[in-house]
Every structure is written in C-alpha cells, then in structure tokens.
Amino acid sequence: MDETEFWELIDATREAAGGDPEEQADLLVEQLLGLDPEQVLDFARHFESRYNRAYRWDLWGAAWVLLDGASDDAFDFFRCWLIGQGREVFEGALHAPDSLADLLNDFDEEIDGDGEELGYAADEAYEQLTGTVAPDLGVPPAPAEPEGTPVDFEDDRVLGRLYPKLWDRFRE
C-alpha cells in the first residue's frame with residue numbers, strides 16, 4: 001500500500017462515517033479486512049509514521065486550545081483523530097497548527113478531537129485476518145519528548161498569541 005492508497009482509505013471511511021471517528025474506525029477495520037495482512041501492516045506503518053510526526057509541542061498547543069485542555073492521552077487520541085481528518089487537514093496542521101481554525105469546517109466537541117479507535121483499526125484487522133498480534137512495524141519510535149519548543153498550556157495570553165485563529169474561534 002502506498003501513501004495515496006493510505007489517504008484514500010482514510011478519506012473514504014471518514015466520508016462514509018459522516019465524520020464520526022468511532023464509526024470511521026469501524027469502517028476502516030471493515031475495509032482493511034478486505035486486504036491481505038501485508039497490506040494491513042503497510043497501512044499501519046503509514047499511520048504510525050504520521051502519528052509520530054505529529055508528536056510536536058506546537059500541535060499539542062493547538063489541540064489544547066481546540067479541546068480546552070489536552071492531557072497526554074488526549075493528545076495521543078487527538079493525533080489519531082487528526083490523521084483521520086485526511087491528508088489536507090493533517091499536513092496543513094503540521095505546517096501551521098493555527099490553520100486548523102480554517103481547515104475544520106465543523107467541530108463537534110462531543111465527538112471530534114478523539115480518534116482513539118482509529119489508532120487500533122489496523123491492529124484489530126490484522127488480528128482478525130491472521131489470528132495473531134501484529135509484528136513490530138519497523139517504524140522508528142516517536143521521540144521521548146515532543147519535537148520543538150514546549151508551550152505553556154496554562155498561560156492564556158501565550159496560547160492566544162501562538163494560536164490567534166483557534167483562540168478566536170474556539171476559546172472566546
């Protein structure tokens with residue numbers, strides 16, 4: 001599976017799920033079950049590498065503003081959700097985290113921002129296909145600390161300055 005096929009699966013399942021990340025995860029598992037196990041592992045590698053790329057302080061700050069706080073786990077689930085939003089949103093957010101204010105048309109605080117189940121979709125599909133746990137993917141692990149300069153999440157003035165569009169749209 002190449003990068004284009006990866007993003008096509010993400011987009012197709014997001015659209016079919018109407019943006020609901022839990023439904024998207026279920027649909028993703030269904031789609032992955034139609035592939036051979038090696039393709040599922042390829043999908044998992046693409047997902048994991050993007051998940052690790054998103055382990056950045058500036059993106060965590062954007063998630064903090066968007067979600068009105070983001071613990072370690074919440075940021076993990078946010079990164080899964082961000083991948084589930086598709087290539088344009090994901091790459092846009094990595095390029096300029098504050099651009100999420102423009103890239104996200106609708107944001108429902110009840111369901112958006114938490115894509116935990118998306119992070120398990122490939123593992124679940126692989127296990128159903130093979131009856132075994134997925135092997136090590138060979139993807140370099142995320143760094144111990146997020147990339148970049150730490151953000152003071154408790155300082156509203158700093159957050160408002162770093163993420164003016166997100167702050168205006170989601171916090172004021």
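Reply: One term comes up again and again. A residue is buried under 20% relative accessible area, exposed over 50%, and partly exposed in between (1.4 Å probe, protein chains only).

This is a predicted model: local features need pLDDT of at least 70, side-chain atom pairs need 80 or more, and totals for chains, interfaces and linings take in all residues. Numbering starts from 1 along each chain as its sequence is written, and side-chain values use heavy atoms, without hydrogens or water.

Start with helix 8, residues 121–130. Helices here are DSSP runs (H or I, at least four residues), numbered from the N terminus. Which residues of helix 8 are buried? They are Ala121, Ala122, Ala125 and Tyr126. Seen down the axis of helix 8, these buried residues fall within an arc of 125 degrees, so they line one face of the helix. The arc is taken from the directions that run from the axis to the C-beta atoms.

What covers that buried set? Helix 2 (21–32) and helix 3 (37–53) are among the covering parts. Contact here means heavy atoms within 4.5 Å. Just after helix 8 comes glycine 131, with a positive phi of about 75 degrees.

Now follow one of the covering parts, helix 3. Histidine 46 sits in helix 3. Is histidine 46 buried or exposed? It counts as buried, because its relative accessible area is 16%. The side chain of histidine 46 reaches the backbone oxygen of methionine 1 at 3.1 Å.

At 7% relative accessible area, arginine 50 is buried. Which side chain does arginine 50 meet in a polar contact? The partner is the side chain of serine 49, at 3.1 Å. A polar contact is a pair of N or O atoms within 3.5 Å; within protein, one must be able to donate a hydrogen and the other to accept it, and residues adjacent in sequence count only if both atoms are side-chain atoms. Beyond its neighbours within four places in sequence, arginine 50 touches Glu3, Phe6, Trp7, Ile83 and Phe90.

Isoleucine 111 lies between helix 7 (100–103) and helix 8. Isoleucine 111 counts as partly exposed, because its relative accessibility is 33%. What does isoleucine 111 touch? Its contacts are Gly19, Asp20 and Pro21, with residues up to four places away in sequence left out. Tryptophan 7 is 104 residues from isoleucine 111 in sequence, and their C-alpha atoms are 21 Å apart.

Proline 150 is exposed, at 57% relative accessibility. The C-alpha atom of proline 150 is 9.2 Å from that of tryptophan 60, although the two are 90 residues apart along the chain.

Valine 151 lies in the loop between helix 8 and helix 9 as well. Is valine 151 buried or exposed? Valine 151 is buried, with 13% relative accessible area. Its contacts are Trp57, Leu159, Leu162 and Tyr163, again without residues up to four places away in sequence. From valine 151 to leucine 162 is 11 residues in sequence and 9.1 Å in space, C-alpha to C-alpha.

Most residues other than glycine have a negative phi. Aspartate 68 is found between helix 4 (57–67) and helix 5. Aspartate 68 counts as exposed, because its relative accessibility is 55%.

Note on methods:
Helices (H or I, at least four residues) and strands (E, at least two) are DSSP runs, numbered from the N terminus.
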